[in-house]
Protein chains: 2
Amino acid sequence: MNYKAIDSQDIEYLISVCGKGRVFVGEEINEDFAHDELGGIERLPEVMVEAVSTEEVSKIMKYAFDHHIPVTPRGQGTGLVGGSVAIHGGIMLNLTKMNKILELDEENLTLTVEPGVLLMEISKFVEAHDLFYPPDPGEKSATIAGNINTNAGGMRAVKYGVTRDYVRGLEIVLPNGEVMEVGGKIVKNSSGYSLKDMIVGSEGTLAIVTKAVLKLLPLPKKAISLLIPFPDLAMAIETVPKIIKSKTIPTAVEFMESAAILAAEEFLGMKFPDKSSDAYLLLTFDGNSKEEIERAYDKVAHICLDSGALDVLISNTQERQESIWKARGAFLEAIKASTTEMDECDVVVPRNKVADFIKYTNELQSQFQVRIKSFGHAGDGNLHVYVLRDERTEEEWKKTLGDVFECMYSRARELGGQVSGEHGIGYAKRPFLIESMGENGMQLLKNIKLAFDPKNILNPGKVC
Amino acid sequence: MNYKAIDSQDIEYLISVCGKGRVFVGEEINEDFAHDELGGIERLPEVMVEAVSTEEVSKIMKYAFDHHIPVTPRGQGTGLVGGSVAIHGGIMLNLTKMNKILELDEENLTLTVEPGVLLMEISKFVEAHDLFYPPDPGEKSATIAGNINTNAGGMRAVKYGVTRDYVRGLEIVLPNGEVMEVGGKIVKNSSGYSLKDMIVGSEGTLAIVTKAVLKLLPLPKKAISLLIPFPDLAMAIETVPKIIKSKTIPTAVEFMESAAILAAEEFLGMKFPDKSSDAYLLLTFDGNSKEEIERAYDKVAHICLDSGALDVLISNTQERQESIWKARGAFLEAIKASTTEMDECDVVVPRNKVADFIKYTNELQSQFQVRIKSFGHAGDGNLHVYVLRDERTEEEWKKTLGDVFECMYSRARELGGQVSGEHGIGYAKRPFLIESMGENGMQLLKNIKLAFDPKNILNPGKVC
């Protein structure tokens with residue numbers, strides 16, 4: 001693609017909009033902005049701008065549109081697929097300074113926030129008002145706009161759904177700089193195609209989110225976690241469809257292997273309540289009464305024991321629950337720290353196919369003599385499977401990773417799954433999206449991209 | 001638009017696909033197919049075809065695409081905005097014969113259905129398996145694909161959300177005849193733009209739904225309804241934000257005036273438990289334990305009494321609940337039967353603005369000397385406001401309706417609302433969507449339409 005290179009006049013314009021202190025060029029740009037959390041895909045933008053208002057975002061987009069300059073929106077850079085890397089150079093539009101919580105509306109149960117507010121700030125803020133923002137991805141330092149752009153799911157999707165379900169309205173800036181509101185503080189909407197739902201999960205390729213109206217729920221009064229050891233992972237995972245079928249809906253159902261727990265313990269320097277077994281299910285139940293929760297977990301505990309669980313450990317203290325969930329939250333970091341490089345497969349399959357898929361990744365481990373670590377959301381079918389480079393040469397790594405990914409994504413398709421459950425396509429997973437959607441499907445995505453962004457300047461080279 | 005007129009060759013082709021018994025021309029087409037439930041917008045298609053398989057739909061679309069013939073998909077025709085009327089003639093594609101429930105998957109909590117399955121059949125089927133499909137629009141004889149295409153909401157949106165939230169996957173036929181699957185039996189999905197969410201609410205203008213995978217929940221074990229009389233409607237409606245703010249989530253919160261109740265009684269020939277007051281809130285609570293429900297409704301009953309409610313009538317027998325909800329379900333029909341013609345405004349506003357809006361419609365009633373009846377979903381801000389023609393001449397009616405609608409939609413915009421909460425835009429509400437979205441917004445919708453349907457043959461003239 002033939003984009004205009006940034007020159008001194010462009011820099012001058014950006015400084016005229018944002019002031020000198022928020023425009024960074026060349027060596028002023030921290031190397032961190034060349035890649036995301038996972039790394040692997042690297043390029044520094046030509047200029048990085050910190051916007052603090054919708055008006056600034058609008059002016060910058062209009063200028064970029066008129067001058068055919070690529071713009072990469074960026075939050076905290078916690079992504080894993082290169083979605084926030086400026087692979088065509090140009091302008092990186094850093095939105096982390098737009099980080100104000102604007103309004104809590106208790107009569108409509110909505111929270112209005114700027115795009116750079118962090119997930120952990122949202123939960124802290126609303127919980128202090130006895131309210132609840134259910135989406136709960138492991139990475140709490142992500143921005144809300146990053147979560148919206150990947151339609152992040154997290155642990156509680158089993159009961160509460162994903163980010164999409166909690167976005168009521170958005171203020172967006174289109175690639176040509178126009179500001180638009182889609183949705184609002186409303187519960188229902190059938191007024192034309194759902195632009196709101198088109199933006200959610202679009203990975204910053206269709207418009208820039210400058211404000212979000214989030215749906216809140218009353219905070220459940222009680223929650224309890226069960227840690228359930230199993231002799232092996234297959235047995236643990238095969239229990240999950242039985243739980244779903246039992247018509248009891250846990251808040252979260254995670255699976256983990258002892259290796260991941262040990263790595264997390266080492267990484268965090270803290271102890272997990274139990275690690276004597278090979279595999280675990282970790283469940284949470286929430287609700288408003290002790291009896292309600294007890295009835296649910298009692299039923300599920302029996303299903304697990306009948307299916308071969310070795311024990312059922314109940315964590316009803318805040319402290320104990322935190323230690324378990326903190327370990328769960330650290331799996332990614334811990335696995336990353338255990339190897340030289342890694343890449344992730346974030347497939348989602350129907351819930352009763354998780355066991356098949358994990359069994360298959362174990363076969364691949366032997367077949368390709370590569371370490372594959374996985375953990376994930378057994379309750380919603382979304383797996384995070386990590387292929388580890390270890391001591392491979394660059395060439396060997398590329399080859400092995402390509403072969404293993406090819407096998408995994410192809411099996412996911414056979415099982416009725418999709419390429420990404422919550423981390424998105426970004427740059428890294430495009431080949432697998434193409435295989436999954438076919439050429440005609442990809443053409444449709446491209447047509448939609450052009451409907452929003454006729455000059456292809458907004459986060460080009462991502463998704464499609 | 002310059003579409004090809006249907007000729008004998010086209011009829012021959014359609015017969016070759018569907019057989020003679022399912023292709024109807026001229027007087028063979030029942031006059032009902034010229035309009036929808038509300039009427040007002042009328043035109044018969046040139047040919048009406050009953051498809052029974054995805055393959056047939058695909059062949060018909062490919063032919064229509066190649067020959068530039070407009071196609072109007074049609075379910076039960078229960079819409080209110082002309083969305084299923086063949087305003088450009090051409091082919092009406094009747095999908096009501098594709099009416100099989102294909103699969104209940106209890107391990108993934110999904111139900112796979114053909115597009116023509118009726119809402120009432122779905123609830124009956126899943127409830128027999130102790131499962132629950134929450135969306136609950138008043139019109140139970142609508143098809144599921146009709147509900148998907150308008151993103152129907154219904155009574156239970158307060159607690160459970162709308163149709164969009166219960167569509168996991170779709171099989172669609174694109175305007176060029178290509179068959180595509182979007183989403184699936186999966187809980188999360190971040191694999192490219194959400195085509196599934198683009199189709200939901202698109203009113204048959206982007207693709208034809210030929211199969212749907214619906215999300216189910218366990219059936220709540222108990223439900224209870226409260227009928228709460230108030231001295232006037234304003235007082236009733238102003239209580240609703242207080243209920244929302246109390247962090248108790250009812251399943252449904254409807255408001256109604258005694259006039260609507262009397263009309264429904266007459267229409268149904270059955271008695272409502274109470275009609276001595278001017279206005280009512282009707283609430284439902286559901287859950288799995290009596291205590292849980294009692295705690296919730298006790299709290300809400302007190303809020304209502306503190307806000308001026310005259311009484312709280314509890315309906316805990318199946319029979320009594322049915323009589324109330326049956327009356328609620330008959331409001332539309334009853335109002336319709338009370339006048340010569342009517343049109344509907346289906347706005348949605350933030351929940352704490354409902355009282356403002358209803359007060360305003362009362363002012364319009366005096367200002368324009370016209371009967372305006374309303375009922376609706378106070379708990380989710382979606383109002384159904386009916387302007388009645390009564391004895392006006394055609395010319396007077398057009399003028400009054402236009403003026404009153406102009407006022408109402410403009411006020412809804414001021415209140416942060418949208419044109420349609422659940423009935424869609426269709427043909428009738430396009431002018432108001434244009435006012436709401438602006439020219440640039442409409443251009444974006446048109447671009448999206450062309451991304452799916454470059455020849456503009458699928459349900460042309462609707463939405464945008």
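This section describes selected helix pairs and individual residues of chains A and B in a predicted model.

In chain A, helix α1 (residues 8-18) packs against helix α2 (residues 54-67), their axes coming within 10 Å and crossing at roughly 160 degrees. With this angle, α1(A) is roughly antiparallel to α2(A), because angles over 145 degrees are classed in that way. The crossing of the two helices is right-handed. On the α1(A) side, the contact is formed by A:Gln9, A:Asp10, A:Tyr13, A:Leu14, A:Val17 and A:Cys18, and on the α2(A) side by A:Glu56, A:Lys59, A:Ile60 and A:Tyr63. Sorted by class, the residues of this contact comprise 6 nonpolar, 1 polar and 3 charged.

In chain B, the axes of helix α7 (residues 233-245) and helix α12 (residues 354-368) come within 8 Å and cross at roughly 160 degrees. The pair α7(B) and α12(B) is accordingly roughly antiparallel, and its crossing is right-handed. From α7(B), residues B:Leu233, B:Ile237 and B:Glu238 meet B:Val354, B:Ala355 and B:Ile358 of α12(B). This contact between α7(B) and α12(B) contains 5 nonpolar residues, no polar residues and 1 charged residue.

The other pair in chain B consists of helix α13 (residues 394-414) and helix α14 (residues 430-452), whose axes come within 11 Å and cross at roughly 30 degrees. The crossing of α13(B) and α14(B) is again right-handed. Helix α13(B) contributes B:Phe405, B:Glu406, B:Tyr409 and B:Arg413 to the contact, while α14(B) contributes B:Phe432, B:Glu435 and B:Ser436. By class, there are 3 nonpolar, 1 polar and 3 charged residues in the contact of α13(B) with α14(B).

Individual residues were considered next, beginning with a strand residue of chain A. A:Glu171 belongs to strand β8 (residues 167-173) of chain A. Its relative accessible area is 9%, so A:Glu171 is classed as buried, the limit being under 20%. The side chain of A:Glu171 takes part in a polar contact of 2.6 Å with the side chain of A:Thr54. A further polar contact, also given as 2.6 Å, links the side chains of A:Glu171 and A:Thr210.

With a relative accessibility of 5%, A:Gly201 is buried. Apart from neighbours within four places in sequence, A:Gly201 contacts A:Ile148, A:Asn149, A:Thr150 and A:Asn151, as well as B:Gly192 of chain B. Between A:Gly201 and A:Leu219, the sequence separation is 18 residues and the C-alpha to C-alpha distance is 26 Å. A:Glu203 is found in the loop between α6 and β10 as well, and is buried at 7% relative accessible area.

Backbone geometry sets A:Glu203 and one residue of chain B apart. Most residues other than glycine have a negative phi. A:Glu203, although not a glycine, has a positive phi of about 55 degrees. B:Asp390 is likewise not a glycine and has a positive phi of about 50 degrees. The position of B:Asp390 is in the loop between β18 (382-388) and α13 of chain B. B:Asp390 counts as buried, its relative accessibility being 18%.

When neighbours within four places in sequence are set aside, the contacts of B:Lys196 are with B:Arg164, B:Val167, B:Arg168, B:Leu170 and B:Val182.

Note on methods:
Residues numbered from 1 in each chain as written. Chains lettered and ligands numbered in written order. Predicted model: local features only at pLDDT ≥ 70, side-chain atom pairs only at ≥ 80, totals over all residues. Heavy atoms only, no water. Contact = heavy atoms within 4.5 Å. Axes fitted to C-alpha atoms, helices over the stretch in contact; angles between N-to-C directions. Helix = DSSP H or I, 4+ residues; strand = E, 2+ residues; numbered from the N terminus. Parallel < 35°, antiparallel > 145°, perpendicular 65-115°, else oblique. Left-handed = near helix turned anticlockwise from the far one by under 90°. Nonpolar A, V, L, I, M, F, W, Y, C, P; charged D, E, K, R; others polar. Buried < 20%, exposed > 50% of the residue type's maximum accessible area, 1.4 Å probe, protein only. Polar contact = N/O pair within 3.5 Å; in protein donor to acceptor, adjacent residues only side chain to side chain.
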